[in-house]
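Here is a short report on a protein model.

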Amino acid sequence: LEGSAWSRTCSAGTSDTSGGGSSLTTAAAPQLHAASPADAAEEALAQALSGMTLGGKQLPSIGSAAHGSGMCKPCAFVFKSGCEVGVNCRFCHLCERGEKKRRKREHKAVKRAVWEAR
């Protein structure tokens, strides 16, 4: 995520001494000119995250930022042995137990349906 709106927002954050997670909070979303759909998505994400504390209950990991949109990828380790990467994990820590397996089954079913439709 280096160079993205998310990393620029985080690097511009301020210290938070209230406890409960990382000492990094997101600053106001930077004004970006969306040149592509990916840039537009990054801008929308940065705006949605303004005011959230990285490492808190709403944003336990970097990968959890896209949780509300359904574009996140569940962390395979958060419910097993615990994720060793913590707040820097690129995968979502907000998804429920079994979400990774459910999505994998759903993906296989879609692929199977497309294959059978040929």
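## Cysteines

Cys75 is buried, at 8% relative accessibility (buried means under 20% relative accessible area, exposed over 50%, partly exposed in between, with a 1.4 Å probe and protein chains only). The closest cysteine sulfur to that of Cys75 is in Cys83, 3.9 Å away, too far for a bond. Cys83 is in no disulfide either. Its nearest cysteine sulfur belongs to Cys89, at 3.7 Å.

A disulfide is a covalent bond between the sulfur atoms of two cysteines. Here the test is a pair of cysteine sulfur atoms within 2.5 Å. The whole structure has 0 disulfides.

## How the model is read

This is a predicted model: local features need pLDDT of at least 70, side-chain atom pairs count only at pLDDT 80 or more, and totals for chains, interfaces and linings use all residues. Residues are numbered from 1 along each chain as its sequence is written, and side-chain values use heavy atoms, with hydrogens and water left out.

## Residues around the second largest pocket

The second largest pocket has 14 lining residues. Nearest its centre lie Cys75, Ala76, Phe79, Gly98 and Lys100. Lining residues have an atom within 4 Å of a point of the pocket, on a 1 Å grid over the protein atoms alone; a pocket is an open set of points where a 1.4 Å probe fits, with protein on both sides within 12 Å along at least five of seven lines.

## Ser64

Ser64 is buried too, with a relative accessible area of 2%. Beyond its neighbours within four places in sequence, Ser64 contacts Leu59, Phe91, Cys92, His93 and Leu94 (contact means heavy atoms within 4.5 Å).
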